[in-house]
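Here's a quick walk through one model, with a look at a couple of individual residues and at how the nonpolar residues group together.

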Amino acid sequence: SSDVCSSDLAYVTRTLREFVSESPDVLSGELNRAYARDGFASQYTSQTRAWGTSIPAMQDHLRTLQANVESAGDWRVLLELPLYRLRRRIDFLVLTRSTVVVIELKVGAQTFTSTDERQVEEYALDLRDFHAGSDGVAILPCLWATEADHGQAYTRLSVGVNPVHRIGKQGLAPLLQHVANIEAALPTQVAEDWESAPYRPVPTVIQAATTLFAD
């Protein structure tokens with residue numbers, strides 16, 4: 001497969017400082033135009049409604065984070081990052097100093113399901129295996145149910161894919177602040193060129209054999 005790069009493909013990419021100060025209408029407009037450009041007409045209306053609700057919530061959480069962790073303003077925020085091998089998109093991704101935080105957003109959800117947890121874990125594994133910038137760094141998959149009362153305590157980080165973290169309605173800012181506090185012990189940092197690092201969605205042996213015989 002030919003290499004593709006994250007920065008060219010995420011529908012929205014900003015520093016955290018820029019993201020929290022941007023108008024939600026501007027961000028929603030970028031997402032809407034990207035959906036229309038890529039021909040996702042069936043997703044356009046439902047995703048527009050979902051982002052219209054979730055972007056202000058994201059900004060509120062990230063403003064709280066920035067007020068408590070000044071260096072977080074330099075972190076990167078990406079929305080709708082494609083994973084071509086899976087034919088899916090990561091809703092929300094935060095690049096901290098040493099951690100790639102992968103967030104699957106379930107707007108209005110009050111509970112966490114094992115299916116949704118497996119989905120975000122698969123996203124994290126895909127980045128680890130096929131995205132050059134994610135090799136050898138901490139990857140934290142998170143499931144954010146925006147109406148859930150409680151999430152899950154998280155106490156440590158390690159290089160590679162960490163266990164899925166559950167985020168409730170009030171949990172995003174505290175989680176990211178905790179990441180900022182504990183990630184200094186990690187041996188590697190997320191490279192500045194993470195967004196331009198190649199993503200090589202190479203098929204598995206089984207997938208390649210299936211395609212070969214199908215043809």
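Predicted model: local features only at pLDDT ≥ 70, side-chain atom pairs only at ≥ 80, totals over all residues.

Serine 71 sits in the loop between helix H3 (41–68) and S3.

Glutamate 80, in turn, belongs to strand S3 (residues 76–83). Its backbone has a positive phi of about 55 degrees, even though glutamate 80 is not a glycine. Here is how the two residues compare in accessibility:

| Residue | Relative accessibility | Class |
|---|---|---|
| Serine 71 | 46% | partly exposed |
| Glutamate 80 | 2% | buried |

Glutamate 80 counts as buried because its 2% falls under the 20% cut-off.

Now for the nonpolar residues. The largest nonpolar core has 36 residues, and Leu62, Leu79 and Phe92 have the most contacts inside it. Elements giving two or more residues to this core include helix H1 (16–21), helix H2 (24–37), strand S4 (88–95) and helix H5 (172–182). H3 is the top contributor, with five residues. Apart from this core lies another one of 25 residues, including Ile90, Ala148, Val190 and Tyr199.

What does leucine 79 touch, leaving out residues up to four places away in sequence? Among its partners are Ala10, Tyr11, Val12, Phe19, Trp51 and Met58. Leucine 79 also touches Ile90, Asp91 and Phe92.

Technical notes:
Residues numbered from 1 in each chain as written. Heavy atoms only, no water. Helix = DSSP H or I, 4+ residues; strand = E, 2+ residues; numbered from the N terminus. Buried < 20%, exposed > 50% of the residue type's maximum accessible area, 1.4 Å probe, protein only. Core = buried A, V, L, I, M, F, W, Y, C linked by side-chain atoms within 4.5 Å. Contact = heavy atoms within 4.5 Å.
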